[in-house]
Amino acid sequence: MRVRTLALAAATALAATGLTLPVAAGASAAGPTGPAALKSDFNGDGYADLAVGVPSGTVDGKRKAGYVSVTFGGENGPGSNGVRRITQATVEVPGTPEAGDRFGGAVTTAYIDDDQYADLVIGAPGEDIDTKADAGSVTVLYGTGDGFATANTAARGDAAGAAYGNALVAADFTGDTDVDLAIGAKDKVVYNSHPLVARTDILMGDRMGGRAPVLSTGDFDSDGRPELAVAFYTQNQPYTQSHVQLFRYMKDEYRFGLTWSSDNSAANALAVGDFNGDGKDDLALGNCREIADENIDDPCGPEETAKGGGIHIHYGGGDEPIWKGQTLNQDTPGVPGVAEKGDDFGNALAVADIDGDGKDDLIAGAPGEAIGSAAGAGSVTVLKGGANGILDAAGKASAVAYQQDSPGIPGVAEKGDRFGAALATADHDGDGRPDLSVGAPGENASSGGVWNLPSVAPSAVSVITPNSLDQPASSDATMYGAVLRR
C-alpha cells in the first residue's frame, strides 16, 4: 500500500470548494427556530442529542453485554449538558445484562408515541430469548422531559441465532401516519408496524453471509411514502450474490414487495439525499463494488472507480432511481487523496445540506485511510451537492477532507484509529445548521471516541470519549464510536 499524507489546509479548502456555511434563517444562539432536524431530541429542549451504541462494552462484569451512551445537546454542543448510560440494568429497560447480548448493536430514533420527545430504539442481536441463544431483541425507550421514561420490547427473535436488532431504521412505510420499524436479522429483514408491542412480520429473506443488512429509507418513487433500501451480499454460502434492493409496502396486499434491484452490487453503507436539488430522493451506495462478478450490469460504474472504495449514486427519476448515475472514488478529480486498496472510502455515509443551498451534501468516511505512515488512521471527505449532483458536468467533485492531523481537528492521526468509521448529522448546538459526528472506534487502543464538528467545519471541534464521560473501565476494547444513531 502506498501511504501518504492528505494535504489539508481546512479553512482554505472550504473557501476553495465553495462549502460556505451561512447561518440558516431563523437560527439563533439560544436554540433552533427553523426546520433543523431534531429527530434525536430526547428531552425536548430544542437541541439534538447524540446516541452512541457500545455493544462491546462490559456491564456489571458481563463482557459484551453492551450499552448506549446518550450525550445531551446544548448551546455548546454535546459533552457538557449531561449524559445517560443506558443498559439492560437501567430501571426502565426490559431484561438483564448478559454476556454477549451486544445491547446497542444498532441504534435509531423516531417519534413513536407522537409526543414532543424523540424515542430511542436499540438493537441487542445477541440477546437470548427463553432457550433461544442469540435470538436478538429490539427495545424502544421513550423520551421525556428529564431524558427517558418507560420502555417496551418491540421485537424478539424467533429462533436461536436469529440476531434480531443487528440493523434498524424507522419510517412510516405503511402510510397510516404511525412509525414502523424495519429490523435486520440473520438472513432476513422483519418489520413491526406497531412498535408498542413485540409483533413482527417478515419483510424479506435471503442469504446475507451472516452479516447485518445495510438499511436506509427514502421516497424513491415520489409517491409521498418512503420505501426501504436494503444492501447485502454473500460469498459461497451456498452461492455468491450481491444486491441493493428497494421494497415498498403494498397496501392492497398488506405486505412489502420488491420494486427495484441493483444486482451484483454490494455496498457497506447507504445514504439518501437530494444531491441535485430536483426534489427527488437520490440513493448513494458507499464502498460499492461488484461481488457476483457476472460483469453484465456494471452496478458500481467502471471497475477502476471501485478501487479503494467507490461511491455510486442513483439519482431519483420519479418512478424509480436512474440506473446509470455518478461514480466516484479518491482518484476522481476534485476528491482529496489517492485511491488505494484498503482505504474503504464510503464505508460510512451521512447527508446534510451544509450550506443551506437546497442541495444535500454527501459525507464519506474512509476508516482505512493511511495518514503518512499511520495505516488505518482514517479520514472524512465532505462532497458538495450541485445542480448536476455530486459531480459537475465535467465529472469533477467539489470536496474537502479532514483527519486528525488537519488544522482545527483535535488529536493525532495514529495507526488503527479508524476515524470516519461511523458518521451522523444533527443540530446539537441549536444554531439551525447541521453538525457532524465522526466516530473513531480505534482511538486510544480501541477505547474509542466521537468528534463533533459544529456546522461540519474544523472549528470549535469537541471530542467525547468514555474517559471524558466517566464511563466505567472495560476488560474489552470499548470501541466507543463504532455505532452512531441513524
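Student: Which residue in β10 does Ala182 stand opposite?

Tutor: Ala182 stands opposite Tyr191 in β10. The model is a predicted one, in which local features need pLDDT of at least 70, side-chain atom pairs count only at pLDDT 80 or more, and totals for chains, interfaces and linings use all residues. Residues are numbered from 1 along each chain as its sequence is written, and side-chain values use heavy atoms, with hydrogens and water left out.

Student: How many bridges join β10 to strands β9 and β11?

Tutor: Strands are DSSP runs of E with at least two residues, numbered from the N terminus, and two strands pair if DSSP finds at least two bridges between them. Here, β9 (residues 180–185) and β10 run antiparallel and are joined by 5 bridges. Strand β11 (residues 201–205) is also antiparallel to β10, with 4 bridges; Lys188 has Gly205 as its bridge partner in β11. The hairpin of β9 and β10 has 2 residues between the strands, and Asp187 takes a positive phi near 60° in it.

Student: Which residues of β10 are buried on one side and which on the other?

Tutor: Buried means under 20% relative accessible area, exposed means over 50%, and partly exposed lies in between, with a 1.4 Å probe and protein chains only. In β10 (residues 188–192), 5 of 5 residues are buried. Lys188, Val190 and Asn192 cover one side, while Val189 and Tyr191 lie on the other.

Student: What surrounds the side chain of Asp180, and how far away is the nearest side chain of opposite charge?

Tutor: A salt bridge is a side-chain nitrogen of Lys or Arg within 4 Å of a carboxyl oxygen of Asp or Glu; Lys and Arg count as positive and Asp and Glu as negative, while His and the chain ends are not counted. Asp180, in strand β9, is buried yet has no salt bridge, and Arg225, the nearest side chain of opposite charge, is 7.8 Å away.

A polar contact is a pair of N or O atoms within 3.5 Å; within protein, one must be able to donate a hydrogen and the other to accept it, and residues adjacent in sequence count only if both atoms are side-chain atoms. A polar atom of the Asp180 side chain lies 2.8 Å from the backbone nitrogen of Phe173, and the side chain of Asp180 also reaches the backbone nitrogen of Thr174 at 3.1 Å. Not counting residues up to four places away in sequence, Asp180 touches several residues, including Val169, Asn192 and Ser193.

Student: Which backbone nitrogen does the side chain of Thr234 reach?

Tutor: The side chain of Thr234 reaches the backbone nitrogen of Gly209 at 3.5 Å. Thr234 lies in strand β13 (residues 227–234) and is buried, since its relative accessible area is 0%.

Student: Which residues have the most contacts inside the largest nonpolar core?

Tutor: A nonpolar core is a set of buried Ala, Val, Leu, Ile, Met, Phe, Trp, Tyr and Cys residues joined through side-chain atoms within 4.5 Å. The largest one has 20 residues, and Ile311, Ile313, Leu328, Leu362 and Leu383 have the most contacts inside it. Strands β17 (269–273), β19 (310–314), β21 (348–352) and β22 (361–366) each supply at least two residues of this core; the largest share, 3 residues, comes from β22.

How values were computed
Contact means heavy atoms within 4.5 Å.
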